[in-house]
Amino acid sequence: MKTRDDQGHTSVRSSPGARRASVGGPQLALLPPVLPERNPETESASGQALWLAVDLPHLALDALVQTGSMASKPLIITEDSARPRVHDANRSARQAGVRPGMALADALAVLNAPIVRDYEPEIIRQHLQTLASVLLQFTDHVCPEPGERRILLEVGRSLRLFRGTAALEARVRDTLRQLGYTPRIGIARTPAAARLLAHLRHPARPLARDALRRTLSPLPLTVLPLPAADITALHGIGLERIGELLRLPRNDLTLRYGTRLPELIDRLLGDRPEPVPRFRPPETPAFQLDFDQEVNAIGALRFPLKRLLLQLEQTLRAGNHHIQGLELQLRHRGTTTRLTLERSQPGSRAEEWLELWNIRLSRLELPAPVRGLRLAVPCLLPAGADPAGLFNSRDGTRDDSGFLTRLRARLGDDAVLRFAPTLQPLPEEAQEACSPETFPALTSAGATPAQRVVGASLWLCPPQPSPPPGPLEWLGRLEGGWWTGNDQRRDYAVTTDRQGRLCWVFRDLRSGQWQLQGFWG
């Protein structure tokens, strides 16, 4: 505000909190800068850590869903111990009263001939590693936790790319559901809080410390990952909620309960950093499914194969890769059937690969019942790579219709080949049939001097004796092979046989005999 004193000097009255500056004259007020309104999501995107926890409590059941063997009748998964207990149960079993932790004998008493499967930690670990590779498309910091059937993601740097917390969470959830899993997701500013919110299916997404404290305060103490003895001791002093625990001095908690409880509170609120290791995906991914029952029909393999291909597609998307070939292993009792499939151009879409594998499997007879599938990737290609493939057109474009790829899938890898030049001068040695994977396609070269003289044939065959031709048209002479000990001197010509075909013939200048080289085109 400007004011004028009695002597006519002008001064500026500053607002509270403003700084004053004077240089031998009237005082000037330096107003504080106008700060933009705080946006928690923008703060997280600009560098603040934000953690997303994916809890998979029904991972053992989801693993059975991948194989297509999930039955509608009651199914329970038991943990192997001295006294077997229920690890998980499907909806039919839960409706009958079965709950996790129930003794197996009690569960069998309320169910009528249920399906019983064992809990296998190694299969759980494989599924978590596969999902961790898939989730790398959202962030480079992923950490699977097999013991808790959970995956942690640091997503603070990914919010701007995926346009906010809600959009990113929806993408992660949709990706996992598409693969056949049932996730619970929690998001918070610390890993410990994200784990807790995911386990509780809590809808809050606290990005700031105060918001996190308000979210945790009304929760009961029983949700904390503490031993039952500690929870009982806290109840003994009248504490029921996490908020009541947070108001107690940390020193008093340390003296009474040791360092475990204060350290947990510090990790929940972010006062103590929690190191989270990074997951490193394998260089060549492989995907495997084991069946709980042997499969005797080819048609029953299509559903689990589709699941494997969907996992492959998401993993390739995470690594920005494409593939041009796949190996499918059908595991039998004591033996394995290996099938390979190559495409004329790289790709990653599960639907395209599934169509080719369906064609390939349709002509296969199973030598024995199948106990599992394994999908292996021999080589990863960058997504932007466009190597020359099979049967490029004359103008250099590719056969994008996929016809030749489907033809190879139906007839076999050795049924559709191409010719590759060998740079040998003799026509019968100038090219050889090969697969595009063995010899990459070469750019089309101009005709050699010998080809310009004697031409080329439409159908080439090994030289074979021929009677002296009738009227003929001379083409020229070819000499070569002397540097390899196969010295050849030939005069080439074109003639017509009795069937009206144009024959490509030559006369050996050393023996004087006529030879049929091929048929002129």
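## R349 and E352

R349 is partly exposed in this predicted model, with a relative accessible area of 43%, where partly exposed denotes the range between buried (under 20% relative accessible area) and exposed (over 50%), taken with a 1.4 Å probe and protein chains only. E352, at 29% relative accessibility, is likewise partly exposed. R349 and E352 form a salt bridge in which the closest N and O atoms are 3.9 Å apart, the term requiring a side-chain nitrogen of Lys or Arg within 4 Å of a carboxyl oxygen of Asp or Glu.

## R333 and E294

A salt bridge also joins R333 to E294, with 2.9 Å between the closest N and O atoms. Because R333 lies in the loop between β13 (321-331) and β14 (336-347) while E294 belongs to strand β12 (residues 286-295), the pair ties together parts that are 39 residues apart in sequence; strands here are DSSP runs (E, at least two residues), numbered from the N terminus. R333 is exposed at 61% relative accessibility, whereas E294 is partly exposed at 34%.

## R94 and D88

R94 pairs with D88 in a salt bridge whose closest N and O atoms are 2.8 Å apart. D88 is buried, at 1% relative accessibility, whereas R94 is partly exposed, at 25%.

## Network and total

D140, E154, R157 and R278 are linked in a network of salt bridges. The count comes to 24 salt bridges by this rule.

## Basis of the values

Residues are numbered from 1 along each chain as its sequence is written. Local features need pLDDT of at least 70 and side-chain atom pairs count only at pLDDT 80 or more, while totals for chains, interfaces and linings use all residues, and side-chain values use heavy atoms, with hydrogens and water left out.

Definitions and conventions:
Helices (H or I, at least four residues) and strands (E, at least two) are DSSP runs, numbered from the N terminus.
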